[in-house]
Amino acid sequence: MAKNTVADIVILDSDSDDDVGGGIGMGRSLTSLMENQQVSNADAATVAPRETLECRSFWKAGENFVIPSGVTPTAPGMVEHARVHPKFLHSNATSHKWAFGAIAELLDNAVDEVQNGATFVKIDKINIVKDNTPALVFQDNGGGMDPNGIRKCMSLGYSSKKSNTTIGQYGNGFKTSTMRLGADAIVFSRSTRGGKSTQSIGLLSYTFLRKTGQDDVIVPMIDFDISSVRPQPIIYGSPGDWSTNLDILLKWSPFSTMEELLQQFEDIGTHGTKVIIYNLWLNDEGIYELSFDDDDEDIRLRDENAQDGKRLYAKTLELRSHISYRYRHSLRAYISMLYLKKFKNFKIILRGIPVEQFNIADEFRHPETIMYKPQAAAMEYAATGIKVGFIKEAPKLPICGFNVYHKNRLIRPFWKVVLEGSTRGNGVVGVLEANFIEPAHDKQDFERSSLFLRLEGRLKRIISDYWQSHCHVFGYQTGQIPADRSKRIAIPDQPPTVSTFNPSPLPSDKISQGGPIIREINLSNATSSRTVAVAAPHLRNSTGLRSNFQPVQLNPQHAAADTGNNIVGKSADEIREENIQLFMRCEEYIKKENEIEQTVKSLEKELEEVKSKCAQLALLVDARKKEMQQV
């Protein structure tokens with residue numbers, strides 16, 4: 001089928017909008033390129049590789065790279081172009097310090113395909129028949145890529161994602177993520193554009209480039225028109241190029257025959273994309289960085305702390321079982337909270353089992369929503385809600401931080417904004433979507449702009465204020481309430497219990513009807529004001545009023561012994577009523593304080609207006625005096 005048909009090799013180039021024969025940045029024909037590089041099929045057996053990938057550790061794979069003293073000249077009649085040395089593929093991929101961050105980049109590409117009808121993305125492990133080694137597979141049923149689209153995907157700096165809702169934007173994620181996970185990646189894609197159905201295969205192989213001593217990044221590709229009954233090769237170059245493309249694909253990919261290549265399209269269907277990453281990287285001990293054997297339903301990163309053989313305390317084990325620790329080593333845990341909003345018609349399927357999405361804010365105790373409006377000199381930003389509350393394991397687990405999202409994608413998980421080692425804020429976690437700051441290229445942090453620094457300062461204040469107003473729930477000391485260590489235990493979720501105690505209802509104007517507290521942050525003086533009244537802390541749970549309130553059981557012997565205690569002789573009803581009255585008085589004081597603050601601000605504003613008018617009148621008086629003097 002293939003001896004007299006052609007495809008093309010793409011030279012991986014920088015940004016360009018010129019499409020030449022369906023390719024991108026193609027300055028030389030494949031035949032001349034392979035003649036210059038001496039890696040044609042006829043000569044491949046006689047050319048000794050300059051450098052083999054004997055070191056399979058990612059962080060050392062860029063070492064000992066032989067840089068040629070000269071540059072291969074451009075073939076006659078061809079346009080000279082800037083070249084990208086293969087070593088750049090590795091250097092570019094080092095932006096991902098964390099392997100799960102690279103996987104998230106590939107998931108983002110699939111999630112962006114939801115707008116093109118994608119309903120799932122699969123992540124799984126397969127075994128390469130050639131050498132019985134593991135490979136990582138990503139497959140979605142999105143719109144797929146046509147020949148031009150796959151060339152943009154394989155090239156540097158291209159991104160056709162212009163929507164405000166898409167996650168990808170730099171046109172670099174595919175290259176960095178695939179090369180971070182393994183040395184080689186092969187892409188299969190089917191699509192229909194303008195009534196024409198096509199399927200394409202592309203190979204991005206660091207191993208091929210290094211072993212053949214290339215001084216430019218080249219990507220062999222072949223395309224087919226599948227609009228008719230039988231696939232028809234799409235020809236861009238000279239007839240001699242096809243066999244060379246095919247030979248490279250079959251020699252350096254996991255598949256030995258054309259039939260095996262085409263079989264990869266069978267489970268893709270009419271549209272979609274499959275990415276196979278193989279020659280996965282090893283760690284410094286020579287073990288695969290990704291572990292597929294520890295859990296058949298998960299992909300894990302090896303936890304050195306769990307393998308040190310030390311005996312662990314129960315509290316340490318409980319901490320390591322929390323998602324704030326598990327997401328670092330469990331891909332399923334990380335993906336479960338990777339996207340803020342839950343998908344309606346889209347599933348992420350990890351090793352055959354859908355991932356259940358999880359938002360830790362759904363489990364908050366005593367939740368509040370704080371509105372924050374970022375301020376910048378030249379731009380106006382909409383206010384965003386910051387949800388904050390105690391985790392259900394509080395105060396037992398010393399977990400504190402914010403899950404910060406950007407365009408629905410988790411960028412900084414459990415960002416600890418308070419000082420390390422401080423117990424202030426233990427158990428307090430927040431969730432927010434910060435679309436007003438820009439993520440870094442690896443999408444694991446944010447650019448340290450002035451907006452980011454202001455947000456960091458505000459989050460510190462939010463943690464401090466929330467802790468100050470709520471820590472007494474767990475017996476911690478505040479300025480008004482002494483410490484009570486007996487309360488420092490986690491409160492388990494329990495169904496309402498039947499109680500014979502029937503407290504009298506609070507006045508309807510003094511309690512809320514349940515739900516979270518809402519606060520508005522005043523940016524001028526960094527104060528916050530309550531806009532919804534709430535019931536006393538002992539009458540509240542995470543959703544509003546407590547339905548299983550139990551009265552305090554007093555021990556009369558202890559009460560009689562303590563002659564200096566004011567509660568001697570008081571019944572539980574009297575203590576309860578006194579407590580309610582004190583709380584109501586406290587709320588009234590808070591309300592009065594807020595009213596006074598508003599009055600002061602209003603008076604200050606009026607004073608400034610009066611001063612401004614006085615200054616204007618003074619100018620008018622001076623002007624009139626000068627006019628009269630001139631007359």
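Biologist: In which helix is the place of Phe-452?

Modeller: This model is predicted. Within it, the residue in question belongs to the helix spanning residues 450–470. Phe-452 therefore lies in helix α12.

Biologist: Does Phe-452 count as buried or exposed?

Modeller: A residue is buried when its relative accessible area is under 20%. The relative accessibility of Phe-452 is 0%, so Phe-452 counts as buried.

Biologist: Which residues does Phe-452 touch, not counting residues up to four places away in sequence?

Modeller: Contact requires heavy atoms within 4.5 Å. With residues up to four places away in sequence left out, the residues that Phe-452 touches are Arg-412, Trp-415, Ile-437, Phe-446 and Glu-447.

Biologist: On which side or sides of helix α4 are its buried residues?

Modeller: Helix α4 covers residues 147–154, and its buried residues are Pro-147, Ile-150, Arg-151, Cys-153 and Met-154. Around the axis they cover an arc of only 155°. They are therefore on the same side of α4.

Biologist: How many nonpolar residues does the contact of α3 with α5 have?

Modeller: The residues making the contact include Ala-99, Ile-103 and Leu-106 of α3, and Phe-174 and Leu-181 of α5. By class, the contact has 4 polar and 2 charged residues, and its nonpolar residues number 6.

Technical notes. Residues numbered from 1 in each chain as written. Predicted model: local features only at pLDDT ≥ 70, side-chain atom pairs only at ≥ 80, totals over all residues. Heavy atoms only, no water. Buried < 20%, exposed > 50% of the residue type's maximum accessible area, 1.4 Å probe, protein only. Helix = DSSP H or I, 4+ residues; strand = E, 2+ residues; numbered from the N terminus. Arc of directions from axis to C-beta. Nonpolar A, V, L, I, M, F, W, Y, C, P; charged D, E, K, R; others polar.
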